[in-house]
Amino acid sequence: MKGTSEKEEKLALVDKLTDVEPEGTKKLSRSVTCGTPLPPRLSINNFARPPAASRELRRDARHSVPIPLLTLSNPPEAVRVRVPVRARACERDDASACARWYAQVGVRSMAEEEEFDVGSLRKELEWIENELRMSLGQVSASNEYCLKFCRVTEWHAGRWQVPLPLVHVLKSAICCFTKARPFLAPECEHIQYVLSRLALSCFEVLLYCIEDDSSKGFWEEFLKTIQECHNVLQNDLNAEFDVLIRLSRNGGPWQNPVLVSILNQELVTQELVNEYLGSESPVFFEYRVKYLMKYKHVGEAITLTKYCVNHPQTGTNKYFLHLFLTWLCRSSPEEVLLQEIARIDCQEALDVICRLDSEGQVELAWILCVAFLTQQLRNGDMYCTRELILVWSKLQLQLDSSKQHFLEKCRHLLLTSRNVNHIFLFIRVIQNEKGTVPGTIVDRSLLWNRIVIKVARDSFQENGHSDISIDS
């Protein structure tokens, strides 16, 4: 009986959230929704400002927020949602039709519409909720509901490129999903996904929001609503949704004092940094870094990225390593580059190098590959050295097809090696390249002389003699 009573209370709460519109929330007023897209500054409920550099940003029509993506992977062909006729082209998995539709209709701007009504969104979500109710808790129906829910929400969110209407869409979607949650089968595999995407979409939009006196009541109502929804959904134990609620209570995405110290490049203990970075999923920090990079706050973004790369939890997100290594190659001298990469795993670096190559950034990939290969050769380390040599040889020949230059580069790298086994790896690469161009001559005597010198040097060291130099 107690469990039934709790369920009835939760149902009553969600009915209150969805059926009774708080005053002023059915349609946003002109003062809240109109104007150019908001500048990248955040001040919701005394949210802390972003780094000082962002205060210089002006209002600009290009400062629009990305459209939240809620699409579940591989939706079944049979999934179709009742949407307005003008959206049916986008409902199909036809990218060209979708592009043509957006070209004709255009993405609505706040200057074009002074009022925003979420009634159509609620009606469509209530329609698929009624279908869910009639399914009597079937798992397949629950999965289909989640797919349709994401499609409807994504379409309505895609109509806007400014923060406040997007927040209103996401708030309404969260309320509707909360209302439908008791009718979803416990075995439904998409519940956690939907909650995570809703929370992350809200967080990403909040990064771009600003509060003024005219919209203060709206933000208070929004924070109150998602808190009430969280109370109903807390049994689902969704980490991203929990972080969203905690950030809302504590002042927002930029308010944490440790984060403020990091962005201002102030002294902060590693223990506090580790505790803070471990308190949120890595994707939250990824969104912050992307925001900072988008608005040219490169110093703050790289400082935060460096901490994330060295943290055991956030470091698993490859975005940080890719950004950090790319920045090092573009802006740091060789000595600094070699010093910074000393703590980075070569296998992870290889993934970044291959990704840069696939993106067409061959020269950047080559610089990074040379840095890691030089490090391994100087340390006499065999770990990933074979793979690095193979990748380096391909990149080198992409940049310079001359076989003679290729041999000279091999010789130069060999002179930095402290492990005789490295020579055999280069011999194999040179032999492979020799077979690709007729007439290429490999000076094997140079390679074997190198081996003899290495053996002689090791012998001298073992007998207590001083090291000998290895010249060309």
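Is Glu359 buried, partly exposed or exposed? Glu359 is partly exposed, with a relative accessible area of 39% (buried means under 20%, exposed over 50%, partly exposed in between, with a 1.4 Å probe and protein chains only).

The model is predicted: local features need pLDDT of at least 70, side-chain atom pairs count only at pLDDT 80 or more, and totals for chains, interfaces and linings use all residues. Residues are numbered from 1 along each chain as its sequence is written, and side-chain values use heavy atoms, without hydrogens and water.

Next, select Glu340 and Lys306, whose side chains meet in a salt bridge (3.2 Å, N to O). Glu340 lies in helix α16 (residues 334–340) and Lys306 in helix α14 (residues 298–309), so this pair ties together parts 34 residues apart in sequence (helices are DSSP runs of H or I, at least four residues, numbered from the N terminus). Glu340 counts as buried at 15%, while Lys306 is partly exposed at 31%.

Finally, select helix α7 (residues 163–180) and helix α8 (residues 191–206), which pack at an angle of about 155° with axes 10 Å apart (axes are lines fitted to C-alpha atoms over the stretch in contact, and angles run from 0 to 180 degrees between N-to-C directions). That makes α7 roughly antiparallel to α8 (angles over 145 degrees).

Key. Helices (H or I, at least four residues) and strands (E, at least two) are DSSP runs, numbered from the N terminus. Angles under 35 degrees count as roughly parallel, over 145 as roughly antiparallel, 65 to 115 as roughly perpendicular and the rest as oblique. A salt bridge is a side-chain nitrogen of Lys or Arg within 4 Å of a carboxyl oxygen of Asp or Glu.
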